[in-house]
Amino acid sequence: MPKTVVSYGRPKPWTGDAPTSEALSTAFHSSLLGSAAGSAALYKAAARHFLFWIEQQGIAVSTVDDAVVRRFEKHRCRCQGFPLHKPDRPGFTSKVRRFVRFLEDQGVIDVPDDVDRLDTLLADYAVFLVQEHYSAAVIKSYRSEAAHFAAWVRFSRLRWQDVTDDHVALYAGHSCRCPVYRKRGTLVGHFGPLRRSKGARRFLGFLRDRNILSQVDRWDHQDDALAPYKTWLKAHCGSSAETIRRYCGEVKHWLPELTKPSELNAGIIRRIVGHRIAQAPGSASTITSIMRSYVRFLVSRGVRAGAPTRLSTDQALSSRHPATLHG
């Protein structure tokens, strides 16, 4: 397979009759010409299995996103005519994600792409970095992060005009399942998320400077409502400025539901976490970690009536999203 499975052109909407599952899997197989025959056959088999499963679930192909892929990955397979699928097989699921990307590129799956010629813009971005006299290593890093961020934006079903600093924070900490050729999983340590964040912001700045995206007012994380939490993160946890910015950016989404922190309970936690993970697929571990942090902050300020303990917080999260807990 090529080192990238991403195409950055804007898909044209599918205008013909709804294609059959067999037609889709055959077209996908044809797109893999040049790959080893055995490898292409495995990709087609994964595509056929996925198409059979979504049909059984009553899911329209045009509505498929990564939340659907994750459900397929976890399903207890009883699909007739297919080898028994064991859950949590990253290699198998990556083939399904490649197929989903193919369907996006064909316009079969609806995606909210609102920027034309993104592939050309990425090439222009590389030229711009050269003109700015960055070193070859920095150019390679920025170009790679821009491409990764572009893949994540589509993967998360976001419009470019709607992307904010909060989304950049989620991108920086996401557990990668994007259809790009790079290491998978959560980046370890401070510098990985920092590199992602810096690369994404640099590319967004490039798009805004060229009026591809509108200029936006940046949210001030010194906001009164979050200033105590920011102080707590720095003094109690020793958090870096980047971590504080990322955590505050996430908590901002919850504030409308936390007007009375003393009433925070397991039901509210499940609702908030479930809603945020649906908005930002691939960021479950980041979102749940920030929720735990914020609960500890509330408890440290004496908010106890109705506030969950660490154990009940874990129970609330695991009851809905068991894969997000890591002990």
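Predicted model: local features only at pLDDT ≥ 70, side-chain atom pairs only at ≥ 80, totals over all residues.
**Aromatic and charged side-chain contacts**

Ring pairs join Tyr125, Phe128, Phe149, Trp152, Trp160, Tyr171, Phe203 and Phe206 into a cluster. Residues are numbered from 1 along each chain as its sequence is written, and side-chain values use heavy atoms, with hydrogens and water left out.

A pair of aromatic rings is described by the distance of the centres and the angle of the planes. Rings of Phe, Tyr and Trp (its six-membered ring) are paired if their centres lie within 6.5 Å; planes under 30 degrees apart are classed as stacked, those over 60 as edge-to-face and the rest as tilted. In total, 24 aromatic pairs are present in the structure. Among them is the edge-to-face pair of Phe50 and Phe72, with 5.3 Å from centre to centre and 80° between the planes. This pair links distant parts of the chain, 22 residues apart, with Phe50 in helix α2 (residues 37-57) and Phe72 in helix α3 (residues 66-74). Helices are DSSP runs (H or I, at least four residues) numbered from the N terminus. Phe50 and Phe72 are both buried, a class assigned under 20% relative accessible area, with exposed over 50% and partly exposed in between (1.4 Å probe, protein chains only).

An edge-to-face arrangement is also found for Tyr229 and Tyr294, at 5.0 Å centre to centre and 85° between the planes. Tyr229 belongs to helix α9 (residues 227-236) and Tyr294 to helix α12 (residues 284-300), so the pair ties together parts that are 65 residues apart in sequence. Tyr229 is buried, with a relative accessibility of 0%, and Tyr294 is likewise buried, at 6%.

Charged groups were also assigned to ring faces (NZ of Lys or CZ of Arg within 6 Å of the ring centre and within 35 degrees of the ring normal). Lys95 lies over the face of Tyr43, 5.3 Å from the ring centre. The ring of Tyr171, a member of the aromatic cluster, has the charged end of Arg196 over it, 5.9 Å from its centre.

Salt bridges were assigned where a side-chain nitrogen of Lys or Arg is within 4 Å of a carboxyl oxygen of Asp or Glu. By this rule the count is ten. A network of salt bridges links Arg101, Glu104, Asp105, Arg154 and Arg157. Within helix α4 (residues 90-105), Arg101 and Asp105 are four residues apart, about one turn of the helix, and the closest N and O atoms of their salt bridge are 4.0 Å apart. Arg101 is buried at 3% relative accessibility, whereas Asp105 is partly exposed at 23%. Asp105 also forms a salt bridge with Arg154, where the closest N and O atoms are 2.9 Å apart. The latter pair links distant parts of the chain, Arg154 in helix α6 (residues 136-155) and Asp105 in helix α4, 49 residues apart. Arg154 is buried, with a relative accessibility of 3%.

A further salt bridge is formed by the side chains of Arg201 and Asp165 (3.0 Å, N to O). Arg201 is located in helix α8 (residues 191-209) and Asp165 in helix α7 (residues 165-173), so this pair ties together parts that are 36 residues apart in sequence. Arg201 is partly exposed, with a relative accessible area of 22%, while Asp165 counts as buried at 16% relative accessibility.

Notes
Helix = DSSP H or I, 4+ residues; strand = E, 2+ residues; numbered from the N terminus.
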